[in-house]
Amino acid sequence: WLDLPLLQVTPNKAFRCMGLNVSRVPAEVPNTTQNLDLSFSNLKSLGPNYFSSVPELQLLDLTRCNLHTIEDNSFEDLRKLTSLILTANSLQYLGTAAFCGLTSLKKLVLVETNIASLSDLPIGHLHTLQELNLGHNSIVSLKLPKYFTNLTSLRHLSFLSNKITYISKGDLDALREVNRFNLTLVLSLNDIKYIEPGSFAGIHLGELVLRSSFENFIVMHTSLQGLTGLQVNRLIVGEFRNSQRLVDFQSGLLNGLCQVQMQEFVLICFRDFENNTDTLFNCIGNVSSIRLVNLELEEVSEVPMFSQVKQLECKKCKFKEVPAIKLSLFKELRVLRITKSKHLTSFQQKFESLSNLEVIDLSENRLSFTSCCSRKFHKCPNLKHLNLSFNSDISVTGDFTNVKNLLYLDFQHTKLFGPGSYPVFLSLQKLIYLDISHTRTHVKSQCTFCGLNSLQVLKMAGNSFENNKLANNFKNLSHLHTLDISGCKLVHVDRRTFDALSELKELNISNNKILSFDPVVYKPLQALTALDFSNNQLSVLLDSALEILPDSLVLLDISQNLFECSCVYLNFLKWIKEKQELLQNKELMICHTPAYVKNVSLSSFDLSSCQLSASTVSLSVIMLLVVAAFLFLIYKYYFQLYYSLVLLSGCKHSAERGNTYDAFVIHSSKDQEWVLKELVEPLEGGTPPFQLCLFSRDFLPGVPVVTNIIQEGFLSSRNVIAVISTNFLESKWCGFEFDIAQSWQLVEGKAGIIMIVLEEVNKALLRQRLGLSRYLRRNTYLEWKNKEISKHIFWRQLTGVLLEGKKWNH
């Protein structure tokens, strides 16, 4: 550990020295450093001006540094420090001026630091302090010293897991003298036995957290009465799942909250309710917002008459049926959320006469029901947000009469029946947001989205369209701003598809199988700012396509397509280099063809390799194809007889001529780079040097190819080296040369064919070449593998064969 280097997280700004066991600030840390992590070091003691070498620090982490002493003025030079973390140091001595100089400190973490008394904590001068975390210490009294009145910026004060047992009148007087509307006070995981009535009277807090703070029902019931007179924006009461003391919710448990004024009440983690729910809302019926989290609550409690609850959330409760009848008694309800309940499967009851209800969120349950959705919401005319996403099965009938003012409708990841087959959204004239992504919707009807004349956002990723093509499906969505049709198996987009979408700003058509970017299709989208065309089968953006891309476009993703990096498309390749700021995921934009540039990044493609004009290259390619076709005809009808005659006549004189080369190399022209680099250079430049015959270099000009192959190749060489690759197997010329090699071997009576099989050879293609496959099974051959030890064995075997019969001078 001592030899580990410093980790520079941000150059000259942030350094992590965690676990280096240093005993001081390392000299390598520059004076410009703003964030310094010295955790798990061995500092032991801090003296005056200890951090003078890093005056720009804003965050300092001294977790588990074995600190026991912090002397006066230890942090004197850190005027810009905003966060100081001293977690898990067993502090035995703190100088009265230990924290002097920290004029900008906002966060001080003293968790597990052996603090037992607040009066000995020298922090009264930290006027900028916003967060003070005193968790996991031995503090027994909540008596706040007078200096807390100076901490006017304090927003978060945590006594989590201390030893506070009694809270008495006067303990919190320091909070009473100053406006504390934004202060969060955490008293969770203490063992509170009694809160004296009046202790919180006249105090206004932002949030009070009391989780796992009472050992039994009686103590909690009595202590909550001690909160009388408290004003709090949010009160959180309950347990932690892994440290539950109170298992059952008993009748009257919350009666003590009748004299507490609060805006939001959170009850969390109670396992057993049984028949004790009827008093649940007794003292919280006038609270504006109620959250019930992780409760094994099977039924809704009796709702007090004239309830003022406007927001109600039941998260991870145990309802099996949506309790619409009981919930309809909350007449002032505006927002209702029942989420993440694995037991909630049925929605048979109806919500009735909730004229103020605007939001219903029933997401992430296991709901299955039919007749969605008007019948479920009788006399709920102001419902604007309906979220039924991440459920099981829902049948949408098309009846939205009672909820025709809906603005947002979310069905994503719920199996739907109805949409796609016939127009089910006709009455939702005001809807602006619709998400039916991954709902197994199959769009057959061109009127699937009829009626949605105000729609601005349509998300339907992961679904499908008839015949896997987009037709005129969006003809009435003239106000659409966002359209997501990714992952819809699309192979074709009709030319009139986007004609009505002149206001569209974001289009995601990624993860489909679209072959081309037709300018006529996308030209109407002149307001587009973001286009995701990634993961399709696009080979190029033609000049006509580049011209119609709107000036408003700021984000374009065409990554993971099958790009052709050919000089024919030089304009496109130049455009890629010019538009680096526009393009997203550039590292995933790679060449697919030709093979010699496969997996090369489009951004790094060498444009200088394309010196000829695109038209010249096209003409050359056409001429090459014509010549190849002509040669093929000649080859097909004449070359078999011709090479036999030349071979037989040449063999008569081969003994007189002698051998010019050590080996003739049969290989595909597509493997020429490998042959030159991995075969020719090592053999011709080695000791002893071998002379190889290559068709590209050593054949005589003006002589027929077949004659060159036989006379300059086979008859002038002692051996033949055949480089077997996938390209070799696909080449008719290589097959022809291999046939001659076998004939030459038979006529000359030699065993001089050396087979080299490259490791990426297509085995299926090899088996189709019966003659070659049979030859490899009967004869020993060399395998080329790109590993050092394999290369060593390969060269030892190859040079050993080539040395046999070689005449050379030392």
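**View 1. Strands β4 and β6 run parallel, joined by two bridges.** In this predicted model, β6 spans residues 69-70. T69 of β6 is the bridge partner of S45. Both strands belong to an open, parallel sheet of three strands, ordered β4-β6-β8. Strands are DSSP runs of E, at least two residues, numbered from the N terminus. Two strands pair if DSSP finds at least two bridges between them.

**View 2. Strand β43 pairs with β41 and with β44.** β41 (residues 661-666) is parallel to β43 over five bridges. Here Y661 has S717 of β43 as its bridge partner. β44 (residues 753-758) also pairs with β43 in the parallel sense, over five bridges. V723 stands opposite I756 in β44.

**View 3. β43 (residues 717-724) is largely enclosed by the rest of the structure, because eight of its eight residues are buried.** Buried means under 20% relative accessible area (1.4 Å probe, protein chains only).

**View 4. The C-alpha centres of domain 1 and domain 2 lie 72 Å apart.** Domain 1 covers 1-164 and domain 2 covers 661-803. These bounds come from an automatic or database domain assignment.

**View 5. Residues 637-641 have pLDDT below 50.** pLDDT is the predictor's confidence in each residue, from 0 to 100. The protein averages 88, and 92% of the residues score at least 70. Where pLDDT is low, the predicted coordinates should not be read in detail.

**Notes.** Residues are numbered from 1 along each chain as its sequence is written, and side-chain values use heavy atoms, leaving out hydrogens and water. Local features need pLDDT of at least 70 and side-chain atom pairs 80 or more, while totals for chains, interfaces and linings use all residues.

Conventions: Contact = heavy atoms within 4.5 Å. Buried < 20%, exposed > 50% of the residue type's maximum accessible area, 1.4 Å probe, protein only. Helix = DSSP H or I, 4+ residues; strand = E, 2+ residues; numbered from the N terminus.
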